[in-house]
Amino acid sequence: MVIDAALAIAREAGAENINARTVARKLNCSTQPVMYHFATMEALKKAAYEKLNRYHTEYLLTLTDPQEGVMLGIGCNYIRFAVEEPHAFRFLFQSGFAAENSLLEMIDAEELLPVLSAMQAAAGMSLEKTKEVFLTIALFAHGYASILANHAMAYDGELIKKHLRQAYRGAVWAAQEKTT
């Protein structure tokens, strides 16, 4: 319950607002139970981050239009998550809580394997080629998502899909060109 309350605060107001008082208020209790379960707020934020990260992976893999393609669907979901959950997006990708320090480290993270596996199966490429394509799409999608999560641009789903398709085609072409 404490983790869920902290996560709710992160989603509603941002992770920077997670503290013993806000969590206790959310739970309608004193700060004592919060501090009993988590000796530090960093530990509580880390637990909330891990739960949110699992939710985010499920969100990415829940494709609303599988006919569009797995990679396009995951990229669109990543961007849509930033629009629908800007505080959660910033907590996941702009707060410093990620275990990996860079996208190049993240590509080999165990948590990313379900996403890469789904993309690999759909694209029919080797894991290494899938990672190459993923890096291109991830950089492109993350740029869009960051701009949208920080309210620096209006969301236009069709335009974003068009750009993601173009980036995907270019990434696949580049990955295939290396083998020929």
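**Aromatic pairs**

Eight aromatic pairs are counted in this model. Rings of Phe, Tyr and Trp (its six-membered ring) pair if their centres lie within 6.5 Å; planes under 30 degrees apart are stacked, over 60 edge-to-face, and the rest tilted.

Select Tyr-55 and Phe-81 first. Their rings make a tilted pair, 6.3 Å centre to centre with 50° between the planes. This pair links distant parts of the chain: Tyr-55 is in helix 4 (residues 41-61) and Phe-81 is in helix 5 (residues 70-84), 26 residues apart. Helices are DSSP runs of H or I, at least four residues, numbered from the N terminus.

Now colour by accessibility. Phe-81 is buried, because its relative accessibility is 0%. Tyr-55 is partly exposed, at 32%. Buried means under 20% relative accessible area, exposed over 50%, partly exposed in between (1.4 Å probe, protein chains only).

Move on to Tyr-78 and Phe-89. The ring centres are 5.6 Å apart and the planes stand at 80°, so this pair is edge-to-face. Tyr-78 sits in helix 5 and Phe-89 in helix 6 (residues 86-93), eleven residues apart. Tyr-78 is buried at 12% relative accessibility. Phe-89 is buried at 0%.

Tyr-55, Tyr-59 and Phe-81 form one aromatic cluster.

**Before you leave**

Residues are numbered from 1 along each chain as its sequence is written, and side-chain values use heavy atoms, without hydrogens and water. The model is predicted: local features need pLDDT of at least 70, side-chain atom pairs count only at pLDDT 80 or more, and totals for chains, interfaces and linings use all residues.

Conventions:
Helices (H or I, at least four residues) and strands (E, at least two) are DSSP runs, numbered from the N terminus.
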